[in-house]
Amino acid sequence: MRDTWYPVLESKRLGRRPVGLTRLGRRLVLWRDAQGRPVAQEAACPHRGADLSRGRVVDGCLECPYHGLRFAVDGACVRVPCDGDARPIRADLRVKGYVVREGLGLVWLWWGEEREELPPLPWSQELPEAGAGACTATLTWNVPFARVMEGNLDLHHFPFAHRRWAPGMGTLLDPYTARLEGDVIHTRGVLREDDGKPWNGRSGFVAEIRVLFPHVVLLHFGELTRAMAVATPIDAENTWVVFRYRSGLPLLGGLVAWFLVRTEVRLIQPEDYALLRDSEPRHPAREDFHLVRADAGIALWYRLYERRLEAQRRTLPLAPAPTAASG
C-alpha cells in the first residue's frame, strides 16, 4: 500500500554506523548525518553495486566500503578517491533516497509519491510513546503483510489458539461491533461464557481494537493499558512487526509493560505466527474466505485493501518515487 508512513527501524538501533535492512521490497541503508538526523537510501552503490551498509559515515557523508566513494544526504556523490579532488564528478553518480522522519521511538519511511507537504506521522498523538512506562519489541515473520493484519483484527481466536494461557476464557464474542469511519476500522468485543443471557456489562474479557488503514493497530485493555502494533512489509512473503505496551499504573507501569511484552514474545506471538505462517492461501482475497459475524473487522480491512490496490494499479507506478533528500 502506497502513500503512507511505514516504520522501518527502532530509533535506538540507528547509531553512528550505517544499518542495512530490507523493507517494502527494497534493500536499504539507514545512517545519521552530521546533525544526527536519519537518512534512508538504497543500499547498492551506484558505482558497482557494493553494499553501502558495510561502509561508514565520514564528515556527514556515507562512504562506500569498496572504493571509498562518498555520498551526501541528497544522494549526490561528493568524492571519487581514484579520480582525485580536481576531476569533476559525473552528475548521474548518485544514490536514490527516501523521505524519513523520527517519531514514537521509530524511524518512519514515506512510501509513495513525493509531495510538497507530506501528512504527519500516523496517530502520533494516540499511539503509546516509548520511554518510561512502555516496552517495545519487534518481530520478523515469514507471513505476508495481509495475513499479519488479518491476525491483528482477530479477537475470537484467543480462547483456542492460546488456550494454555487463558484457561476458562469464554468463547462467545458478544457483544461485538465493527464499523468503518474514514480510514479507521473500529472494533469492540467481549469474550464471555455462552450462558444464553445478554451481557451484564461486567463479565468477560473486553477488548477494543482500532486500525488506521492499512497497518497501524491501537488496542485498549481496560483503563490503564494500551498497546500498538504496526506492520511493515519486508517483501511479498515476509513482514516486520513492531509492537509496544504502555501501562499507566503508577510506579509499576514500566514493569507491567515489560511483563506484557515478554509474554507476547515468548508465549502468544509464537502460537499466532505458526498458525498464520501455515494458513492457505498465503495471499488470500475476500472470496477465499467464508467469514462469520466475528470476522466483520477483517472483512472491512480486506475490502479497503482490495479497493486501494486496484486504484493503485490503475493510477500509480509500481515503484516508489525516489526523493532528493531525507526529511
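Glu10 counts as buried, at 6% relative accessibility; buried means under 20% relative accessible area, exposed means over 50%, and partly exposed lies in between (1.4 Å probe, protein chains only). This is a predicted model, in which local features need pLDDT of at least 70 and side-chain atom pairs count only at pLDDT 80 or more, while totals for chains, interfaces and linings use all residues. Residues are numbered from 1 along each chain as its sequence is written, and side-chain values use heavy atoms, with hydrogens and water left out.

- Glu10 belongs to strand E1 (residues 4-10); strands (E, at least two residues) and helices (H or I, at least four) are DSSP runs, numbered from the N terminus.
- Setting aside neighbours within four places in sequence, Glu10 is in contact with Gly105, Leu106, Thr136, Thr138 and Trp240, where contact means heavy atoms within 4.5 Å.
- Val57 sits in strand E5 (residues 56-58) and is partly exposed, with a relative accessible area of 25%.
- Once neighbours within four places in sequence are left aside, the contacts of Val57 are Arg16, Pro18, Trp31, Arg32 and Leu62.
- From Val57 to Phe71 there are 14 residues in sequence and 9.4 Å in space, C-alpha to C-alpha.
- Ala236 has its place in the loop between strand E17 (225-233) and strand E18 (239-247), and this residue is exposed, with a relative accessible area of 52%.
- Leaving aside neighbours within four places in sequence, Ala236 is in contact with Pro144 and His283.
- Ala236 and Pro270 lie 34 residues apart in sequence and 21 Å apart in space, again C-alpha to C-alpha.

**Aromatic rings**

- The structure holds eight aromatic pairs; rings of Phe, Tyr and Trp (its six-membered ring) pair if their centres lie within 6.5 Å, with planes under 30 degrees apart counted as stacked, over 60 as edge-to-face and the rest as tilted.
- Trp141 is buried, with a relative accessible area of 8%.
- One aromatic cluster is formed by Phe145, Phe213, Phe289, Trp301, Tyr302 and Tyr305.

**Charges and rings**

- The charged end of Arg277 sits over the ring of Tyr273, 5.1 Å from its centre; for this, NZ of Lys or CZ of Arg must be within 6 Å of the ring centre and within 35 degrees of the ring normal.
- Arg210 lies over the face of Trp123, 5.3 Å from the ring centre.

**The whole chain**

- The secondary structure comes to four helices and 18 strands.
- Along its principal axes, the C-alpha trace spans about 85 × 50 × 35 Å.
- Of the 327 residues of the chain, 48% count as buried.
- Among contacts between residues at least 6 apart in sequence, 59% join residues at least 24 apart.
- The chain has an accessible surface of about 16,600 Å², of which 51% belongs to carbon and sulfur atoms; accessible areas come from the Shrake-Rupley method with a 1.4 Å probe, and for residues only the protein chains shown count as cover.
- There are 44 positive and 40 negative side chains, and the centres of the two sets lie 4 Å apart; Lys and Arg count as positive and Asp and Glu as negative, while His and the chain ends are not counted, and each charge is placed at NZ of Lys, CZ of Arg, CG of Asp or CD of Glu.
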